[in-house]
Amino acid sequence: MLSTSLLRVLSLTAVVAASAMPPVLSGVSNTCTSPPVRKEWRELTDAEKAEYLRAATCVRELPKAKYAAIDAVTTRMDDLVYTHFSLNLDIHFVANFLPWHRWFVQLHEDLLRTECGFTGTQPYWDWSIDADAEDVPNAPVFDPVTGFGGDGKRTDSDEPGFQRCVVDGPFANTNLTLGMGWPDVNEDGDRLHCFTRELNNASGRDENGNMIIGDMQASAYNSQVMNTIYAFDTFADMADMLEGLPHAQIHSVIFGDMGPSTSPNEPLFFLHHANVDRAWAKWQGRNATRLADYTGFQDRSGTIPASLNNTMPVMELADTNPIVKDYMDIRAGPLCYTYSSM
């Protein structure tokens with residue numbers, strides 16, 4: 001159930017539209033003239049979907065390139081998962097949440113291209129479409145043939161970590177080494193486990209002990225919520241609600257490996273975060289003020305003010321630490337892409 005304060009926020013109806021020439025931030029080059037277009041999953045042809053799924057499977061089969069001393073890191077995808085997990089408190093509910101994940105999604109797309117021969121662009125999942133239709137459990141991304149497979153299913157195994165697995169789609173019965181798996185997904189530690197989901201409505205379990213799926217809390221990320229987010233005037237207000245409501249709720253209602261900070265184990269993570277990035281880019285527009293609007297704090301205790309010149313932590317995942325100002329504009333600096341719907 002949404003809190004009273006959030007319901008008050010959702011009563012806002014104004015939608016802000018602003019446009020201007022983008023700024024040239026110091027040290028950022030504007031050379032992006034023909035940006036590749038990131039498309040919504042259902043806009044892709046079957047061949048484009050298959051190509052993305054092939055590459056996403058490939059990167060989970062390559063050996064790790066980082067973290068030699070960490071035994072639980074075994075695959076190239078684990079390099080990303082372990083980084084995200086280890087930096088959890090430094091990249092969530094702090095100012096850099098949006099630029100850090102913008103960098104992370106781009107890094108993932110680059111890895112697919114350079115190490116798995118991917119020929120497309122990173123797709124996104126606009127969950128507000130399915131939320132508006134009140135049909136999230138049947139979203140095309142959960143299709144077992146042209147999507148990422150469906151909900152996890154109980155198995156005959158008595159071994160913790162293998163009692164509930166995704167059994168259809170291209171990632172069926174994938175084994176993972178980071179995180180604990182079902183039923184201990186929120187417990188600390190790592191163990192071998194199967195890839196799992198537990199779709200839910202946050203309304204408890206039925207008489208058979210299964211999570212009630214319902215509408216998967218569609219009212220937390222439908223168009224009304226998104227229009228409220230787009231109506232905010234400042235980065236801080238927009239980012240707080242974007243991260244705290246639709247972003248967080250999608251993680252929670254898919255759950256399983258999408259729930260804890262090892263959530264990049266879930267292949268839908270990158271489509272989800274591409275959509276979060278799209279929402280930020282849509283709010284920014286090509287507006288000079290918004291393309292440079294970045295405020296808040298570097299720490300959760302709110303003691304270290306954030307600035308565009310802050311570097312972002314990446315541990316071993318990259319040779320140099322990215323700078324926030326270089327990831328403010330999807331059409332400048334190291335970035336050059338746009339979205340099919342802005």
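Let's start with two helices. Helix 7, residues 223-230, packs with helix 9, residues 269-284, at an angle of about 45°, and their axes lie 10 Å apart. The axes are lines fitted to C-alpha atoms over the stretch in contact, and angles run from 0 to 180 degrees between N-to-C directions. Helices here are DSSP runs of H or I with at least four residues, strands are E runs of at least two, and both are numbered from the N terminus.

A word on the source. This is a predicted model, where local features need pLDDT of at least 70, side-chain atom pairs count only at pLDDT 80 or more, and totals for chains, interfaces and linings use all residues. Residues are numbered from 1 along each chain as its sequence is written, and side-chain values use heavy atoms, with hydrogens and water left out.

Who meets whom? On helix 7, Met226, Ile229 and Tyr230 meet Ala279, Lys282 and Trp283 of helix 9. Contact means heavy atoms within 4.5 Å.

Now, Val37. Val37 sits in strand 1, residues 37-38. Is Val37 buried or partly exposed? Partly exposed, with a relative accessible area of 35%. Buried means under 20%, exposed over 50%, and partly exposed in between, using a 1.4 Å probe and protein chains only. Leaving aside neighbours within four places in sequence, Val37 is in contact with Thr121, Thr338, Tyr339 and Ser340. Val37 and Gln122 are 85 residues apart in sequence, yet 8.6 Å apart in space, C-alpha to C-alpha.

Last, Trp125. Not counting residues up to four places away in sequence, Trp125 touches several residues, among them Glu40, Arg42, Phe142 and Leu271.
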